[in-house]
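Colleague: Could you take me closely through one part of this model, the strand pairing and what surrounds it? Please give the cut-offs as you go.

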Amino acid sequence: MKEQILSYELTLPQRIYPHLDRLFSVFKNQVNSYIPKLWNEKGFKLLSQKGSAVGILKKAFPTPEGIPSRVFRNVLELTGQIIRSQIERKEVFEKLLKGEEVKGYSKNLVLNIQRQIENLRKKGEEVNCYFNFPYPEFDGQIVITSADDNLEKGQFRRLKLSGNFLEFSIKVLTQKGWEWISVKKLIPERLRRALMKAKEVKAVLIKKVLLKSGYHIYRLVIPLSFEVKEPEKVERVLALDLSPSEKRLGTAVLVEGEKVSKPLFFKTQMLRKVERLHFEVSNLERKIDNIYNRIENTACKREKERLWKRLRHLFAEQKLRQRKIKQLRKEILETFTNFVIAHAKVYDCQAIVIEDLSFKEVPQWKDKKALRRFSQWFYSRFASRLEEKARLYNLKVIKVNPAHTSRVCHKCGKEGQVEGLVFKCSCGTYDRDYNASVNIAFRLTEVEGIPGRFPSRLPQVEWKALLSFISFSKLLAWLRIVETSQLKLKKLLKWVGSDKYG
């Protein structure tokens, strides 16, 4: 049995936002005052010790006046978490400088540090010491409570589940000093079902979320611990080839024994909207550069004030579009992941097979579109989100070697020609991604010892079978973001208001 942590969020009422604003300001100021003091060899060595960050740092930093001890304990814990996250980065940095082989670390982490080193060298700065990098700055978007006492009797926050309601209390800074504020909310059905299955409730936290409108809200994040188990025997798998482009997100095939199904294509039109927003951000950057030049070249005070006002407006517009891009990417990623898992469960699979995709070195991209589509936001996040969600449904995620899956024929094993989305071989002409997804399934022989397969046909599952996994309304909501070659939003809209699909 393995432990899986899954978080659920509840939006807190606006009446307590002024109090939370002050609490978040205290956390941000305190954490950012301690990070520079620990950004050195002594600080890193201190936090390299075993034990909680609070237990280590409270000896070095006394509790400041006017801040309750439990609030300060959480400030120290958060500070320690930020510094400890940098210790591993420092180890990778030193190995890269010495030219040593870097093993046992995340490939994306190594790639990120390689990029940082390259950027420093381009600027002509020294790269002989990790502390030449700017120290991390806490953005003040989160408040943790893990360094408090138990949930129901904490001295900084308290959480109680009684009947259909959730009662949450937290100590905040008011004009009279530090006082308790309380919130009582009806437990949503989704959270109620999760609480029935969960092993325990972990320490809650509060996060600040910026909206597209420019305003912000606060959400209570409730982490739940689940016991999950992976299937002992893998007989049927869903093999998935990721290929984000304007036409599709990925291609899947169902594999069992010697049978391989027809391809299932996952598509989205949202990437065009993402591209349009990127184009708008680029235009805004050009306008900002032009206004900066005009500010430097003008001597008129009134004209400068007008240009600065225009500049602030452009910065706000740029920030708004960047938030929209981030939100759209998240929606695409989450919906695509949910769809893949839903199909795996409906097809009664025991595992989902994907490529172990990561860049071995800093990629020299020529096409800026490719950089945006094939960057870390899609590949690495999809793999991590798929693994997290799959465990909850007792599905195993298997990663296989991605080498030449799109270039080798799945029938004869010889290298063919790839022209766009078409793969040509002496055996025949296939869809490029279908050929790759079948090859991914074949790679299971190397990973799990499952015998090789030869393509034949499995019957397709009708869309109505998905209703055993999700509701009809949720299926419609997913199809607004991601469609498949079997499921189209327009075709299903005719069933709205009908009882013939149930």
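Modeller: Strand β4 (residues 165-174) pairs with β5 in the antiparallel sense, over 10 bridges. Two strands count as paired if DSSP finds at least two bridges between them. Strands (E, at least two residues) and helices (H or I, at least four) are DSSP runs, numbered from the N terminus. Within this pairing, Val172 stands opposite Glu179 in β5.

A word on the source: this is a predicted model, in which local features need pLDDT of at least 70 and side-chain atom pairs count only at pLDDT 80 or more, while totals for chains, interfaces and linings use all residues. Residues are numbered from 1 along each chain as its sequence is written, and side-chain values use heavy atoms, with hydrogens and water left out.

The two strands belong to an open sheet of 3 strands in the order β3-β4-β5, with antiparallel pairing. β3 (157-162) and β5 (177-186) stand at the edges with a single partner strand each, so one side of each has no neighbour in the sheet. From one strand to the next, the twist averages 20°. Helix α1 (residues 17-38) lies across β4 and β5 and runs at about 65° to β4. For such angles, axes are lines fitted to C-alpha atoms, for helices over the stretch in contact, and the angles run from 0 to 180 degrees between N-to-C directions. Contact means heavy atoms within 4.5 Å.

Another open sheet has 3 strands in the order β15-β16-β17, and its pairing is antiparallel. Here β15 (417-419) and β17 (428-431) are the edge strands; each has a single partner, so one side of each is left without a neighbour in the sheet. The twist from one strand to the next averages 25°. β15 is joined to strand β16 (residues 422-425) by 3 bridges, and the two run antiparallel. Gln417 stands opposite Lys424 in β16. Helix α11 (residues 432-442) lies across β15, β16 and β17, at about 85° to β17.

For the setting, the protein has 14 helices and 18 strands. Buried residues make up 43% of its 502 residues; buried means under 20% relative accessible area, exposed over 50%, and partly exposed in between (1.4 Å probe, protein chains only). Among contacts between residues at least 6 apart in sequence, 66% join residues at least 24 apart.

Helix α8 (residues 301-346) contains Trp308, which is partly exposed, with a relative accessible area of 38%. Trp308 forms a nonpolar surface patch with Tyr292 and Phe315, and together they have about 280 Å² of accessible area. Accessible areas come from the Shrake-Rupley method with a 1.4 Å probe; for residues, only the protein chains shown count as cover. Patches are made of residues with over 30% relative accessible area and no salt bridge, joining like charges within 9 Å and nonpolar side chains (Val, Leu, Ile, Met, Phe, Trp, Tyr) within 5 Å. A salt bridge is a side-chain nitrogen of Lys or Arg within 4 Å of a carboxyl oxygen of Asp or Glu.

Asp348 lies in the loop between α8 and β13 (351-355). Its phi is near 60°, a positive value in a residue other than glycine, and Asp348 is exposed, at 53% relative accessible area.
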